[in-house]
Amino acid sequence: MQKGDFDVVEITSKDFLSILDIGIAVSGEKDRNKLLDMIIDKGMELTKADAGTLYILKDDKLHFKIMKTISQGVDKGRNGEEIDIPPVPLREENICAYCAIHKKPLNIEDVYFSNEFDFSGPIKYDKLTGYCTKSMMTIPLIGLEDEALGVLQLMNARDEKGEVCAFGEELEHI
């Protein structure tokens, strides 16, 4: 692909309107906690994800800012309260750190059958909570100066029957 080329992504008119609504809302929101909450909510809604984590990059670590899991009723950090989980160091073996370092989205079909990254963190979380992380998509949050600000990590996309499935490749672009 050459500079100026782009991938054509087919999206539904509903998704397009949702993306426009998100852009309008995000550009007008002044409260940082509300803005971050909106980013994770809309990201989960667009991708039909059951769970999401929003990390903020600070001091060369990704700090947990918001954690949500619909199926388990988890909703932490929404009002700026601290999440008592150690931050993720910026090391390439961690998928969210890799995403922030390289500023590119990553899409994993099944974390239990992937050897691309160290998924010991999600697997440990699964054992503690009874959750089963399968599909995962990480999206870098990039500022106006092209600097990584954080990462949105989405887990367990759901199909029209509510079954866990992989995130579609088109969602990486949206």
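Three aromatic pairs turn up when the whole structure, which is a predicted model, is searched. A pair of aromatic rings is described by the distance of the centres and the angle of the planes.

**The pair Y55 and F64**
- The ring centres of Y55 and F64 lie 4.8 Å apart and their planes meet at 55 degrees, so this pair counts as tilted.
- Y55 and F64 are both buried.

**The pair Y98 and F117**
- Between the rings of Y98 and F117 the centres are 5.3 Å apart and the planes stand at 65 degrees, which is over the 60 degrees that the edge-to-face class requires, and the pair is therefore edge-to-face.
- This pair links distant parts of the chain, since Y98 belongs to helix α3 (residues 95-102), while F117 sits in the loop between β5 (106-108) and α4 (120-129), with 19 residues separating the two positions.
- F117 has a relative accessibility of 11% and therefore counts as buried, the limit for that class being under 20%.
- Y98 and F117 are also joined with F119 into a cluster that is linked by ring pairs.

**The surroundings of T47**
- When neighbours within four places in sequence are left aside, T47 is in contact with M137, L154, A157, F167 and L171.

Key:
Residues numbered from 1 in each chain as written. Predicted model: local features only at pLDDT ≥ 70, side-chain atom pairs only at ≥ 80, totals over all residues. Heavy atoms only, no water. Phe/Tyr/Trp six-rings, centres within 6.5 Å; stacked < 30°, edge-to-face > 60°. Buried < 20%, exposed > 50% of the residue type's maximum accessible area, 1.4 Å probe, protein only. Helix = DSSP H or I, 4+ residues; strand = E, 2+ residues; numbered from the N terminus. Contact = heavy atoms within 4.5 Å.
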